[in-house]
Structure formats: structure tokens, C-alpha cells
Amino acid sequence: MKIATVESWVATPLQSFVDEARVQLALVLHPSGQAVAQAGFTRRMDVMTACALAAASHATASELGRYVDGKPFRGLHYAGPDKQLFIGTVETRAGAYICLTVFDEESSLGLVRMYFDDLSRELAAAAPAPLENRTDVLAVDFEADLNKNLAMLFGRGGDVIIRNA
Amino acid sequence: MSSPFATILDVLTRQRGVRASLIVSERDGVIVDASVRFGQDGDRIAALAASMYRKARLSARAARLGAVSFLQLDAERGRICAVGGGGDLVIVVVTDPQANVGLIRMELLKALDTFQETDDGLPSEGAKRQGEESR
């Protein structure tokens, strides 16, 4: 499966994860919803939607975890009739990332969790040092960054422009 | 509160050379119950053994060989043995290379019988008693 990344250090660990865990889709994103890397998606619109939903699910699960357990939940698993999804958090020195993955009966939750642990370790080891002047994501930059990331993931053709309502 | 599988796991873990015994969900590859010696990664064993058992079961079916009765993987530093009873649960044992596989196979198949005595895959009271008596 082909990997497309915005940040190159994610490529090798994500490729290993996808190959070994035999997942159908994988997406690495910032908690803000910006895509960092993807595998298995063919349409940029799907990536945008998946990023938004994964970021929202992650935020919800984190808050729910804080509410019931005093700390955020680290993983979220949903099993559908044919496909399952797993969302986990990866902590690196460059900040936290979210990984969304979709798998079917070719894999299993146990395998995905096991290889996700490996992915977390490899990403933590490969992550670059954080930028000193890194600023929070602002709404005005978010659209531009999102479009730039999607263009890098899918090429320039057929860009989807996001506009403020 | 002890799980309904504690007796089965106790019997298996008491065999010489057994490092870990686990009840694993074949579909999810996660531990249902386990008795794991210090230093063994139960989650990793469960995920890989369940995947291996599932692949073997599907391969045997595709080859029209019927159900898998016993699965054994011999590796340089140990063995993995697994049996499943047609449901989702698989019994997995990890042993040293020198362990007596014949004895372990017999105990695994006996443990499997206790699964099949009840419809829900849980060991019956009689099977639990049998396990207690064999201590």
C-alpha cells in the first residue's frame, strides 16, 4: 500500500505498520485535524472527512476518559459488522499525533494494538525536535495548512478549497 | 473473583516447561484470561497466536482437510501450541523447547473438552471439579 506523507519521518514507521498489521486504511494527523500522512485513501475529500471525525472522536474520548478515569483514554476501538476502527494517540517530542486505522477480518484488534505500540515507539524515536517558535494553530492558518497538506498528500490536481462560512 | 477459566489455566501452567497459558479470542486476538510467567508479553502472544490459529483454520478448510485439532509451532527458543473448539475461543500455551509436547497436547485437548461441554464455551462445574481433583 502506498504511503503519502507531509512529514517525511512518518513514512517508514507507517509503512511498517500498514504492512505488518495488514490494515486497509491508516491516517496520522495532528489533534487539530491536520493530516500528516495517509495510506489507503484514494480521495482527498475522504481524508478531510476522516481527519475531522478522528480529531473529534479523539477529543471526545479524551474528555470522557478524564471525566470517568481522571486521565484521557489512549485508544478507541469500534467494531462494525465487517470493518473495525482503532484510534490511538502517539506521544512524541514533536507533540502528540493521532492515528486512525481501519481494518477488516484480515487483521484483528490484538494485532493492530500490538503493531500500534511498535508504531508509537518508532514515531517517538524518529520525531524531530520541536520547533522553538512553534505557535498554536490559528483558524486563519488552519485552512491554508490543511490545503497545503492535502495537496502534498494527493498532488496539486483537483484541490479542494476550504472557505470560511 | 476468579474467572471461569482459572482452573483450566492452572492445570496447563503447572506442566513442566510451560511459560504461559492463555484463553484468547480468535477474532479479536485479545486475551480473555491468562496465566503468564514474568517476562512474557501476553498481549503479543495472544495477538500472534490467534492470528496464526485463524490462518491455519482457514487454510485447513480451504484445503478441505476439516477442522484444525491441534496447532504447534516449533521455534528456536520455544514452542506455541494452540487448540480451538469451533467457537471464538482458542487455548494457547507457550513452552520451553524441551517441554513434553505430548503431555501438553493431552492437557490442551482435555481443556478443550471442558469448553465443549457447555454451549456458551465456558467450562462446566464438573470440569472445574475435575481440574481441582487433578491438582
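This is a predicted model: local features need pLDDT of at least 70, side-chain atom pairs count only at pLDDT 80 or more; totals for chains, interfaces and linings use all residues.
Residues are numbered from 1 along each chain as its sequence is written, and chains are lettered from A in the order in which they are written. Local features need pLDDT of at least 70 and side-chain atom pairs count only at pLDDT 80 or more, whereas totals for chains, interfaces and linings use all residues.

Beyond its neighbours within four places in sequence, Leu14(A) is in contact (C-beta atoms, placed from the backbone, within 7 Å) with residues including Ile3(A), Val28(A) and Leu119(A).

Phe17(A) lies in helix H1 (residues 11-21) of chain A. Phe17(A) counts as buried because 25 other C-beta atoms lie within 10 Å, the cut-off being 20 or more, with 12 or fewer for exposed and partly exposed in between. Not counting residues up to four places away in sequence, Phe17(A) touches Ala26(A), Tyr115(A) and Leu119(A).

The axes of H1(A) and H3(A) come within 9 Å and cross at roughly 170°; axes are lines fitted to C-alpha atoms, for helices over the stretch in contact, and angles run from 0 to 180 degrees between N-to-C directions. H1(A) is therefore roughly antiparallel to H3(A) (over 145 degrees; under 35 is roughly parallel, 65 to 115 roughly perpendicular and the rest oblique). The residues of this contact divide into 10 nonpolar, 1 polar and 2 charged, where Ala, Val, Leu, Ile, Met, Phe, Trp, Tyr, Cys and Pro count as nonpolar, Asp, Glu, Lys and Arg as charged, and the others, Gly among them, as polar.

In chain B, 5 strands form an open antiparallel sheet in the order S2-S1-S5-S4-S3, pairing being defined by at least two DSSP bridges. The edge strands are S2 (31-36) and S3 (71-75). The twist averages 10° from one strand to the next. S3(B) is joined to S4(B) (residues 78-84) by 5 bridges, and Leu73(B) has Ile80(B) as its bridge partner. Helix H2 (residues 42-62) of chain B lies across S1, S2, S3, S4 and S5, at about 65° to S1(B).

Between the chains, 5 residues of chain A contact 10 residues of chain B. The chain A side comprises 3 nonpolar, 2 polar and no charged residues.

Technical notes: Two residues are in contact if their C-beta atoms, placed from the backbone, lie within 7 Å. Helices (H or I, at least four residues) and strands (E, at least two) are DSSP runs, numbered from the N terminus.
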